[in-house]
Amino acid sequence: MGHPAAETSSFMTDFLRQSGGVAIIDGGLATELERHGADLNDPLWSAKCLLTSPHLVREVHLDYLEAGADIIITASYQATIQGFEAKGFSGEESESLLRKSVEIACEARDIYYDRCQKGSPDSNNVRVLKQRPILVAASIGSYGAYLADGSEYSGNYGDAVTLETLKDFHRRRVQILAASGADLIAFETVPNKVEAQAYVELLKEEDIKIPAWFSFNSKDGVNVVSGDSLLDCASIAESCQNVVAVGINCTPPRFIHGLILSIKKSTMVLHYVPLCTLGIKNVVTTKPILIYPNSGESYDGKRKEWVQNTGISDQDFVSYVNKWCEIGAALVGGCCRTTPNTIRAIYRTLSSRSPAPSL
């Protein structure tokens, strides 16, 4: 689906207006797949389910939509052509699996809309069945996610991995997902400046038309995980016309407040919102800021497991949400170890949202 430049520039602004000013992103995928019975002990991680149990992926997407999510992210974070080929699949089969991740999410959206129309009964009153705009975001994880060695949490790829290495690695996947029918591309858990630059250059070189968002991760609340400046990284993302939102994911909630303020610093004077959007003249603003932290638990990259009892409760997680929105977050959700209960709690705390006046 094509998105002319002018349309792309208003894509997220229009969506947020329709969503009442703040949109809700879904939560962790792998944790939920495991809860449904999937075995993810594999370098492909959640992408393994594209092969073995696509029905579970669809079920998790539906769980998040029924919890109130406005955006669902595909199971392609760790799905790479190189990773599938290492499992013995052909290039054509690998590309088909990437497309399948988007097809599954779109199917879930269609099923959800059908349930909304039919008004399926909910005796416990916990399901959100509300006709609303819903986006499918095609996930692209970092080179470190493909390596499956925890380097997405360090951003340290070694000197041998250059800008060109990263562009060559991601190029075909970006092409495939851009043409897959997704509404936008989600470049997630970007751990360093060079990978952000690689993505921006690919979007330009390949003349990618659909919108994208960039989300970085941090372990100190100041820089991205590699030690590169978050200000520098966010500025790279801001420079790209395709990019419709910039933010943070897979980062402990306690760091988010300061990181939002850092992102705002990097983007304060880059473009004007049309005065009709806010009803105020000459407002200088940023691209929308997106925030979907993890539960606060620590991940042991060597043992490939989460350290128990290091996270926070859904109640504590949600207590942050209104504060994040007050200082500028426009898209809020969860990453690793958050669940539909987390998203449902976010939905409820933001349920007083009223749609912005129609123009």
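# Questions on a predicted fold

User: Is S154 buried, partly exposed or exposed?
Analyst: In this predicted model, S154 has a relative accessibility of 26%. Buried means under 20% and exposed means over 50%. The value falls in between, so S154 counts as partly exposed.

User: Where does S154 lie, and which residues does S154 touch?
Analyst: S154 sits in the loop between helix 7 (143-147) and helix 8 (163-178). Leave out residues up to four places away in sequence, and the residues touched by S154 are K219, V225 and S226.

User: What separates the C-alpha atoms of S154 and S218?
Analyst: Along the chain, S154 and S218 are 64 residues apart.

User: Which residues does the UniProt annotation "binding site" cover, and why do they gather at one spot?
Analyst: The annotation comes from an unreviewed UniProt entry and covers C250, C335 and C336. These residues span 87 residues in sequence. They still gather at one spot, because no two of their C-alpha atoms are more than 6.4 Å apart.

User: Where is C250 found, and is C250 buried or exposed?
Analyst: C250 is in the loop between strand 6 (243-249) and helix 11 (256-267). Its relative accessible area is 7%. The cut-off for buried is under 20%, so C250 is buried.

User: Which residues does C250 touch?
Analyst: Residues up to four places away in sequence are not counted here. Two of the residues touched, C335 and C336, also fall under the "binding site" annotation.

User: What is the relative accessibility of C336, and where is its place?
Analyst: C336 is in the loop between strand 12 and helix 14 (340-349). C336 counts as buried, with a relative accessibility of 9%.

User: In what order do the eight strands of the open sheet run?
Analyst: The pairing is parallel. The edge strands, strand 1 (23-24) and strand 2 (71-73), each pair on one side only. The order is 1-12-9-6-5-4-3-2.

User: How many bridges join strand 9 and strand 12?
Analyst: Strand 9 (residues 289-292) pairs with strand 12 (residues 329-332) in the parallel sense. I289 stands opposite A329 in strand 12. The number of bridges is three.

User: Which residue of strand 5 stands opposite I185?
Analyst: Strand 4 (residues 184-190) runs parallel to strand 5 and is joined to strand 5 by four bridges. The residue opposite I185 is A212.

User: How many residues of strand 5 are buried, and on which sides?
Analyst: In a regular strand the side chains alternate between the two faces of the sheet. In strand 5 (residues 212-216), A212, F214 and F216 are buried on one side, and W213 and S215 on the other. Both faces are covered. The buried count is five of five.

User: At what angle does helix 6 run to strand 3?
Analyst: Helix 6 (residues 91-118) lies across strand 2 and strand 3 (135-140). Its angle to strand 3 is about 160 degrees.

User: How do helix 13 and helix 14 pack, and which residues make the contact?
Analyst: Helix 13 (residues 314-326) packs on helix 14 at about 40 degrees, with axes 9 Å apart. The crossing is right-handed. The contact residues are D314, F317, V318, V321 and N322 of helix 13, with N341, T342, A345, I346 and T349 of helix 14.

Note on methods: Residues are numbered from 1 along each chain as its sequence is written. This is a predicted model: local features need pLDDT of at least 70, side-chain atom pairs count only at pLDDT 80 or more; totals for chains, interfaces and linings use all residues. Side-chain values use heavy atoms; hydrogens and water are left out. Two strands pair if DSSP finds at least two bridges between them. Helices (H or I, at least four residues) and strands (E, at least two) are DSSP runs, numbered from the N terminus. Contact means heavy atoms within 4.5 Å. Axes are lines fitted to C-alpha atoms, for helices over the stretch in contact, and angles run from 0 to 180 degrees between N-to-C directions. UniProt positions are given in the numbering used here, feature names are shortened, and annotations may be inferred rather than shown by experiment. Buried means under 20% relative accessible area, exposed over 50%, partly exposed in between (1.4 Å probe, protein chains only). A crossing is left-handed if the near helix is turned anticlockwise from the far one by less than a right angle, and right-handed if clockwise.
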